[in-house]
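Please walk through this fold with me, from its ring contacts to its strands and then its loops.

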Amino acid sequence: MKIRVYYEDTDAAGVVYHSNYLNYMERARTEFLRDQGCSVAQLAAEGAVFPVVRMAIDFKAPARHDELLQVTTVPVRVGGSSFTLQQQVLRDADGQLLVQAEVTLACVTPGLKARRIPAEVRELLAQGLQP
């Protein structure tokens, strides 16, 4: 997914404020699932929501105002009720790695009770697993 850095995304030093990367990655996760044929809104309506329960993130280099970024999302683990994705934010112009994160999401009901990942979602994630 490509994202343009807007002025509002930057801090006093003119670089993307660290928490905005979390927003970029959230959007990319939603679009990743959409590209696989899964609507997050539809899954929620069917009783499956996916909160982030763990995130490990490394900031490698800054992004600046008006740069175009590429956010990649790749499944690395799929369990019965949780899955882990590797996400990277790259500068589109030169491919430089700016941010790397490992994100674990749990599958829960709207009432926040753990549940199994719907079979169709688990299968789609499993197809894209990277070692």
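Phe 50 counts as buried, because its relative accessibility is 16%. Buried here means under 20% relative accessible area, exposed over 50%, and partly exposed in between, with a 1.4 Å probe and protein chains only. Phe 83 is buried as well, at 2%.

This is a predicted model: local features need pLDDT of at least 70, side-chain atom pairs count only at pLDDT 80 or more, and totals for chains, interfaces and linings use all residues. Residues are numbered from 1 along each chain as its sequence is written, and side-chain values use heavy atoms, leaving out hydrogens and water.

Now the rings. The structure holds three aromatic pairs. Rings of Phe, Tyr and Trp (its six-membered ring) pair if their centres lie within 6.5 Å; planes under 30 degrees apart count as stacked, over 60 as edge-to-face and the rest as tilted. Phe 50 and Phe 83 form an edge-to-face pair, with 5.7 Å centre to centre and 65° between the planes. This pair links distant parts of the chain, 33 residues apart. Phe 50 sits in the loop between α2 (40-45) and β2 (52-59), while Phe 83 lies in strand β4 (residues 82-91). Helices (H or I, at least four residues) and strands (E, at least two) are DSSP runs, numbered from the N terminus. Elsewhere, ring pairs link Tyr 21, Tyr 24 and Phe 59 into a cluster.

How many of the ten residues of β4 are buried? Eight are, so β4 is largely enclosed by the rest of the structure.

Next, the partners of β4. Two strands pair if DSSP finds at least two bridges between them. Strand β3 (residues 68-78) runs antiparallel to β4, joined by nine bridges. Val 71 has Val 89 in β4 as its bridge partner. The two strands β3 and β4 form a hairpin with three residues between them. Strand β5 (residues 97-106) also pairs with β4 in the antiparallel sense, over nine bridges. There, Gln 86 stands opposite Glu 102 in β5. The hairpin of β4 and β5 has five residues between the strands, and Gly 95 takes a positive phi near 75° in it.

Finally, the backbone angles. Most residues other than glycine have a negative phi. Asp 66, in the loop between β2 and β3, has a positive phi near 75°. Asp 66 is partly exposed, at 48% relative accessible area. Leu 112 has a positive phi near 70° and is found in the loop between β5 and α3 (119-127). Leu 112 is exposed, with a relative accessible area of 65%.
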